[in-house]
Amino acid sequence: MEKTIDSHSFLDFAYQLYQTMKTNEISLVYEGEVTQEITKTFTSLTEKNLAKNEESNAVQRKVFNVMVECLQNISKHADSMIDEEGEERRGIVMVSKGEESYNIITGNVIKNDKVEGLTRNLEQVNSLDKKGLSDLYKTQMREGRFSDKGGAGLGLIDIAKKTGAELRYQFKELNDQVSFFILTSTIKRK
Amino acid sequence: MEVINIQGTDDTPNVILDKGKGKFELSGRSLPEDVNLFYQAILDWIDGYAEDPNDETEFDFKLEYFNTASSKIILDILLKFEEIVESGKKVKIIWHYHEEEEDMLEAGEEYADIVEIPFEYLPYSD
């Protein structure tokens, strides 16, 4: 008996999810480990979708570009809920299409002690205009402060440069160790 | 000198480094998971080339897309060619970009701001 109820509520959930995705024109949702293979799969799926929708090349490339940087951010920087868990880099990725723009929303767990530094980077990027972003990008490329993973905050600067829009972000504290970081990048469909 | 000729994939570029034929090219897409692993052999080859470079070098960059981690390595490559310029040899970068892709043109201009090498920008269409 209980099983029947469960499958019913699951059906409801699945249908609601389907409806929500359709209403918001969410073309892709993923939760799980983000690897290079996943990154390649998503970007090629999204590319095919965009081509089918006859988006301009410039918009297609920007969406592709921003997706790669967002996904590689997760695969390089996401933290785990449990400290000992090791190397698995998980996150959530969503792509939605609105009348005027595409939104790429990513979320991942991050250690609380990284929140302040990341906020500073995000605020710095948001405070700059196109020229300022270009100058910062050049400085960071030259001066490095690179970890083995790449990084040096180039990804965020690049997203801001390519989208020409503010990086929208939120942190939700999960416990005294970790928070959930959500980043929304918007690409205008001209 | 040995010839490097690497066929590109969905996430790594085509690379041709051929001193004898005077052909130097990086094209396609560059978003490898581990940029250092992919580019190490290329950087090593350029170090070898810099010891006895041709009098004139034209390097074609025809990238469709590169991620930010690759952008740093591309700068490293250009800096090595800048040293060749400083040693008195001629180097020119031919920066190809899709005519609809202003971001790629701007990326080239940014590199040209950083390194002392002449750049020529060439648009192409589909």
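**Entry 1: the nonpolar core.** I looked up the largest nonpolar core in this predicted model and found that it holds 53 residues. Those touching the most other members are Val63(A), Val66(A), Met67(A), Cys70(A), Leu71(A), Ile157(A) and Leu78(B). I then asked which helix contributes the most to this core, and it is H3(A), with eight residues. I noted as background that nonpolar side chains in soluble globular proteins tend to be buried together.

**Entry 2: Cys70(A).** I next examined the contacts of Cys70(A), setting aside neighbours within four places in sequence. Cys70(A) is in contact with Ile104(A), Thr106(A), Leu183(A) and Ser185(A).

**Entry 3: H5(A) and H6(A).** I checked how these two helices pack. Their axes come within 10 Å and cross at roughly 155°. An angle over 145 degrees counts as roughly antiparallel, so H5(A) is roughly antiparallel to H6(A). The crossing of H5(A) past H6(A) is left-handed. From H5(A), the contact is made by Leu133(A), Ser134(A), Leu136(A), Tyr137(A), Gln140(A) and Met141(A). H6(A) supplies Leu154(A), Ile157(A), Asp158(A), Ala160(A) and Lys161(A). I recorded the classes in this contact as seven nonpolar, two polar and two charged residues.

**Entry 4: chain A against chain B.** I looked up how many residues each chain brings to the contact: 22 come from chain A and 18 from chain B. On the side of chain A, the elements giving two or more residues are H2 (36-52), H3 (57-77), H5 (130-143) and H6 (154-163). H3(A) provides the largest share of that side, eight residues. By class, I found seven nonpolar, eight polar and seven charged residues on the side of chain A that touches chain B.

Terms used: Residues are numbered from 1 along each chain as its sequence is written. Chains are lettered from A and ligands numbered from 1 in the order in which they are written. This is a predicted model: local features need pLDDT of at least 70, side-chain atom pairs count only at pLDDT 80 or more; totals for chains, interfaces and linings use all residues. Two residues are in contact if their C-beta atoms, placed from the backbone, lie within 7 Å. Helices (H or I, at least four residues) and strands (E, at least two) are DSSP runs, numbered from the N terminus. Ala, Val, Leu, Ile, Met, Phe, Trp, Tyr, Cys and Pro count as nonpolar, Asp, Glu, Lys and Arg as charged, and the others, Gly among them, as polar. Axes are lines fitted to C-alpha atoms, for helices over the stretch in contact, and angles run from 0 to 180 degrees between N-to-C directions. Angles under 35 degrees count as roughly parallel, over 145 as roughly antiparallel, 65 to 115 as roughly perpendicular and the rest as oblique. A crossing is left-handed if the near helix is turned anticlockwise from the far one by less than a right angle, and right-handed if clockwise. A nonpolar core is a set of buried Ala, Val, Leu, Ile, Met, Phe, Trp, Tyr and Cys residues joined through C-beta atoms within 7 Å. A residue is buried if 20 or more other C-beta atoms lie within 10 Å of its own, exposed if 12 or fewer, and partly exposed in between; C-beta atoms are placed from the backbone.
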